[in-house]
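Trainee: Please bring up the model, and let us go through one of its interfaces.

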6 protein chains.
Amino acid sequence: MRPSGRAPSDMRAVTIERNVAMKAEGSCLVAFGNTRVLCTASVETSLPGWLRGKGQGWVTAEYGMLPRATGSRTRREATAGKQTGRTQEIQRLIGRSLRAVVDLANLGEAQITLDCDVLEADGGTRTASITGAYVALVDAIRWMEERKLTKGEVLRDAVAAVSCGIYRGTAVLDLDYLEDVEAETDANFVMTGSGKFVEIQGTAEGAPFDRDELEALMNLAGKGISELSELQKAALSA
Amino acid sequence: MRPSGRAPSDMRAVTIERNVAMKAEGSCLVAFGNTRVLCTASVETSLPGWLRGKGQGWVTAEYGMLPRATGSRTRREATAGKQTGRTQEIQRLIGRSLRAVVDLANLGEAQITLDCDVLEADGGTRTASITGAYVALVDAIRWMEERKLTKGEVLRDAVAAVSCGIYRGTAVLDLDYLEDVEAETDANFVMTGSGKFVEIQGTAEGAPFDRDELEALMNLAGKGISELSELQKAALSA
Amino acid sequence: MRPSGRAPSDMRAVTIERNVAMKAEGSCLVAFGNTRVLCTASVETSLPGWLRGKGQGWVTAEYGMLPRATGSRTRREATAGKQTGRTQEIQRLIGRSLRAVVDLANLGEAQITLDCDVLEADGGTRTASITGAYVALVDAIRWMEERKLTKGEVLRDAVAAVSCGIYRGTAVLDLDYLEDVEAETDANFVMTGSGKFVEIQGTAEGAPFDRDELEALMNLAGKGISELSELQKAALSA
Amino acid sequence: MRPSGRAPSDMRAVTIERNVAMKAEGSCLVAFGNTRVLCTASVETSLPGWLRGKGQGWVTAEYGMLPRATGSRTRREATAGKQTGRTQEIQRLIGRSLRAVVDLANLGEAQITLDCDVLEADGGTRTASITGAYVALVDAIRWMEERKLTKGEVLRDAVAAVSCGIYRGTAVLDLDYLEDVEAETDANFVMTGSGKFVEIQGTAEGAPFDRDELEALMNLAGKGISELSELQKAALSA
Amino acid sequence: MRPSGRAPSDMRAVTIERNVAMKAEGSCLVAFGNTRVLCTASVETSLPGWLRGKGQGWVTAEYGMLPRATGSRTRREATAGKQTGRTQEIQRLIGRSLRAVVDLANLGEAQITLDCDVLEADGGTRTASITGAYVALVDAIRWMEERKLTKGEVLRDAVAAVSCGIYRGTAVLDLDYLEDVEAETDANFVMTGSGKFVEIQGTAEGAPFDRDELEALMNLAGKGISELSELQKAALSA
Amino acid sequence: MRPSGRAPSDMRAVTIERNVAMKAEGSCLVAFGNTRVLCTASVETSLPGWLRGKGQGWVTAEYGMLPRATGSRTRREATAGKQTGRTQEIQRLIGRSLRAVVDLANLGEAQITLDCDVLEADGGTRTASITGAYVALVDAIRWMEERKLTKGEVLRDAVAAVSCGIYRGTAVLDLDYLEDVEAETDANFVMTGSGKFVEIQGTAEGAPFDRDELEALMNLAGKGISELSELQKAALSA
């Protein structure tokens, strides 16, 4: 029924390859099927003015898409002179999701910037970005810990994200582009390794949805996040 | 327990005053307690290029906040030279929420722009905006119908929005600014008059939340939306 | 003869309602007929860099127009990414006009920003803005005086503004939109409560004007300003 | 009494050199003392969209200042990414002043752009710009007439501009930079060759001014404009 | 003597991997040592307005650098709101270099955009970009030829680029970052497969250079380009 | 053979007039035939942040073109809101060229900005700008020396620039606009008074060029630079 032949509760093949950017304090290339995102974590010990002297750090994110990550070429935001509303929405979401599992006081006076650049887009770029950015973040924190730059335990939990949707009347997990375009309802779930919600964003693209449908999506999301958490753990212990 | 003395499931006083902008095809001033938003609907029959010749119309929204709607003066976006990410996120949400109840084909080749300008901000400006914009939209559609500019029934349902959150451990309805700042979890629900979901956005500001907490928020939201729908109906039949 | 039926030397109905913005140090809603402007005064004690350490304060203004203040929707300046030349001209004029009656040294190291946002535009938005901004400014200065933030008498005089023009060959006072569009000559007068000139801007929109015509406009302006001064006084002592 | 030793009613030495830009349809270098402005007129027969098909033309102006026209270097507007409010105000004034003496219908479907670029600034750059731009405009219209591009008499009158002010208590004509900085009142007069007003802009920089002072300034302006008109005529018949 | 231990006339290891972007009409990942650039070619048959109806096509390029391609994080140009002068210079060079070997008339009415995005920067990003962009361009032209979209032979020759410089007094080929920072003279050569010059840019970073030094650099460049041409051919026949 | 009737190795008439901007520390009007550029040097002793405390100064350049320097009017960059890639390329080149002959340590903590504004453009604006900017720079350094603001000998050599090209198969010196448009190869040479290269930029506009052609261009450039150096010396000793 799904264009890819997957069962409703199947994720796409997910891979996480660490240390792909020589110069970054943490990095990985994350793939959710054909969607591929390069995530780097950059540690800066000089904070932006508004954060200085508060005895805590900050975690932020930026998101970009290479012009030809998409089926037809998308205009480069640097040429257009500004980021689209969609880009800003996504990078704000990534930043919030990561901060939800970080103890900013224990981070000390440092800022970690996660750059998520989409090399290939086939649906789920924001969920892949969050999932990969977490891995890059962990490496950056380990880098800081080796240099005794943190003040205590920085990470409270793991975090990952997955999309679900109602596609042709059925709740399905991890939508690819073909499904995304057509789905009646599209929802993104950001959840911790321990299974709690960090962020839920559900949108009726066609008909409004009801509570039963939302329940079905939540069940799928729980399954997906649990698989992603295992993959993150495996990558990080490799 | 709440700073305002409200019970957890109490909305603030909500008022909707129609026809406040002489020149707009639809308008209202909506207040959720001290939060006041001026909503106008503007009908344009010359469509933007990308929509022309598709036999359908469009509904879009823009959001702004007067510089001194807030406790300390906020920089004017026109001076800064761009809209913030937050502004773009909100105006995209308002537009999506309204389109969810509009039959764009029946609207015909016209564009309706909803401008939501916050005169006073005390929490819940996006939910008040959606609730008020719907009323202005109905008046604009009536205006079009009187001039036989539509092709059929345009509205499929009503739409309203309300926020809920976990404040000091308790699920509460319709957060004001003081609650919003402190809430552990903050969620916005956009729902139809018939009680279905158009959009859910839940965010853990502090600790991640679990499914029980989400259930409690959904219950409150249902109650709030049902009250808002009645107020919209009353305003529109006045 | 005038579209509104007014006599040549009649002002429109002018009202000034104070304290309309809960959070601002001073505010009013001023109406010149159907033209309505929300004026707020914001006191900031942290000065911009170029003013610091000079032992004086500053008064500045910003002007905006809600998109549907006008007959057809005007593009939002925040979306366009910049203020128009007209907007900048008007806000510079408002700032200059207010500073003309302020003793900046006695103001102390503080900046007062007057935001004039047009809710409805029917001609004379800049003159209504100046007239209302003065009232908001007085309230802000009173607020500062109560907190002993000033160094002496801040206000030297009152200030108000009115437009005049040659409409169908006759000099008329306080042009509304219909007159403004058609007037051969259009002049704005900013004058003190004591009847002196702060700013004169006269423009021949059609045929150039001569000294007699200018005299006639000045006479009308004197009458209008004197009425506006009384209304400001009444509002401020209410 | 004046820093330059001039009598109160003395203009600075004014020169107008025509045909200084090989490629422009009209051009001149105008000097008011040390203030020097290069004015070019460019004829374009392809109109901007909003003017097409209206059976009339348009005259517009742009103003710029070379970075080192001033005592200390001024930031280049092209680097800053936008024109200042002052620049926009001036170029709008130049455009309006020229259009006041042009019959746009007789101009035909053409646009003439006057570029006024200040090579050296010593006070009065906007009045020199208007005075010189008129000369460049006349040459451009002659160029069009030779090619039979106009539909009838385009110019209704000549136009020139001069500043006056109250300097140390005395009304003086044609302020230079040292006077401008210190003047209590500063006024710009744009007048036709036949002595009528096109635009008056008077501003109290210090104390507000009264009607007698304004009369004195108008008298001086009349004298100055009459001299400038003679110089324009002489230049144009050379 | 060189930090990498290479002999003066040694290139770094160069690899070209084709078809790395699923959706682009042509693509490759080119590496010059640690410098890695993702090059994609996008074919658009709807031309920009200024090119339409001229019976020819266009080839253009855009260049970008991921924020953490560099040792410390570089600000994202999309966030800064504009491309730096360096970026513009490089993308103009890439476009010119490719057009030098393309018959635009035979290309037909199509535009090919080459996006060169630097994943890792270690010196020579512009020369790697040109070398890789040529390969992506060839694939895009083959894609067009298969669809009979071209009008004749499009490519006149191959093109590649390499840098040379005077490093510690010796002429060396293909500078890496450490050499680039310190080189007295830095030159980029863009040459055709047949050994002719398309572009030479030589800059004295320290002392000016003389003709003998330039000769030495040209000799090295010829060697490097000849090796790059072989690698391009091999990649394209793989 | 050349449109101007010049022999292949003839420069256009070159003139350099010093002290044309009253307020600048150095200035000249340089003409290469009909190309005329106003060059000013501005000395600032307050350095930009990134240069402070490094015990050295900086020399930078900005380039602009009056809108009607060209055959048809060019859009003003201040109106467009940004400098074109071409402008940025040129001003970076001018700055690099001048810094190549300046001892920045001996300059002391000062910044000299060279503004090159093209009054009339007929080919070779960048080479005229460099040649003239050097003269303005020398005057600014002399101004500093008179005030004992430098720390030692600032200038190491003179610098000038000239273009050469292959026009209808022949190597020619100092291309004017008509030649520039049609040239197969276009090269700019920046050289010191002592005949060494500071910058070479050669571009094949049509067919790629070979080493013999490059040799011919270098020979012409040497001749041109030597003439320009003499003219600079003469101007500076006048």
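Trainee: How much area is buried between chain E and chain A, and what percentage do carbon and sulfur atoms give?
Mentor: This is a predicted model, where local features need pLDDT of at least 70, side-chain atom pairs count only at pLDDT 80 or more, and totals for chains, interfaces and linings use all residues. Residues are numbered from 1 along each chain as its sequence is written, chains are lettered from A and ligands numbered from 1 in the order written, and side-chain values use heavy atoms, without hydrogens and water. Buried area is the accessible area (1.4 Å probe) that two parts lose on being put together, summed over both. For chain E and chain A that is about 2800 Å², with carbon and sulfur atoms giving 46%.

Trainee: Which residues of chain E lose the most area to chain A?
Mentor: Contact means heavy atoms within 4.5 Å, and 38 residues from chain E meet 38 residues from chain A. Together, 26% of what the chain E side buries comes from Lys23(E), Arg68(E) and Arg73(E).

Trainee: How many salt bridges does the rule find across this interface?
Mentor: The rule asks for a side-chain nitrogen of Lys or Arg within 4 Å of a carboxyl oxygen of Asp or Glu. Asp115(A) and Arg76(E) form a salt bridge at 2.7 Å, N to O. Across the interface of chain E and chain A the count is twelve.

Trainee: What is the distance between the nearest C-alpha atoms of chain C and chain E?
Mentor: Chain C and chain E do not touch. Their nearest C-alpha atoms lie apart by 12 Å.
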